[in-house]
Amino acid sequence: MKILTCFKVVSDFEHLTPDEALAICKGEWDPNYTKKVWGTYDEAALEQGIRLKESLMAKGRQTTLTAVTVGTCPSRFFTDLFSVSFDKVVQIPSKKSLDFHPDLVAQLLFEYVRSQGGFDVIITGQQASPEEEASVPGRLASLLGIPYLPYIFDVNITTVDELKVYSYGDVGEQEIHLTMPVL
């Protein structure tokens, strides 16, 4: 079983002073100097990847867990991921700015997935700052031609190629069975 978890490291805007936030808005201060943190939704996706790997390993299934990010990422985040059972951590460089370019992020992720021969399960966060448009996962699934289910809160592998997910939908919680690969 090959699991891929996508993540983004973002600027921590929650702890800015009002003066710092105003300076960023006026273009007087570069937000790249803010503290870097996991994207909130991406942190949950990383945790879900770890739980899924541990569950599969407990059942005796050979499993690899890879984390991937697009753009710059401080090395301390890689160290953290290796220390919590990720087998591989990949940083995909980009010479272009990735802010407000979900199509570019999805394309770079697609190229990586294709270069690795695909993954059985791809887990992403719902969205990442600062743009928070929540379109990268759907765009990536479309490029890969695989099902995409947003608002997942639990994942289980039922058989060799079937995935059971629990999702919040318009009608409340739903249990959905899918054949892999899936995002």
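Reader: How much space lies in the second largest pocket?

Author: The model is predicted, with local features requiring pLDDT of at least 70, side-chain atom pairs pLDDT 80 or more, and totals for linings using all residues. Residues are numbered from 1 along each chain, and side-chain values use heavy atoms, without hydrogens and water. The second largest pocket holds about 550 Å³. Of its 25 lining residues, Ile123, Thr124, Tyr151, Ile152 and Phe153 are the closest to its centre. Lining residues have an atom within 4 Å of a point on a 1 Å grid.

Reader: Which element gives the largest share of this lining?

Author: Helix H2 (40-58) gives the largest share, 6 residues.

Reader: What makes Lys53 and Asp87 a salt bridge?

Author: The definition requires a side-chain nitrogen of Lys or Arg within 4 Å of a carboxyl oxygen of Asp or Glu. The closest N and O atoms of Lys53 and Asp87 are 3.2 Å apart, and therefore the pair qualifies. Lys53 lies in helix H2, and Asp87 in the loop between helix H3 (75-83) and strand E5 (88-92), 34 residues apart. The structure holds 1 salt bridge.

Reader: Why is Lys53 called buried?

Author: Buried means under 20% relative accessible area, exposed over 50%, and partly exposed in between, with a 1.4 Å probe and protein chains only. Lys53 has 9% relative accessibility, so Lys53 counts as buried.

Reader: How do you know whether Asp87 is buried, partly exposed or exposed?

Author: The relative accessible area of Asp87 is 41%, so Asp87 is classed as partly exposed.

Notes
1 Å grid on protein atoms, 1.4 Å probe; cavity = no way out; pocket = protein on both sides within 12 Å on 5 of 7 lines; lining within 4 Å. Points joined across faces, edges and corners; volume = space filled by probe spheres on them. Helix = DSSP H or I, 4+ residues; strand = E, 2+ residues; numbered from the N terminus.
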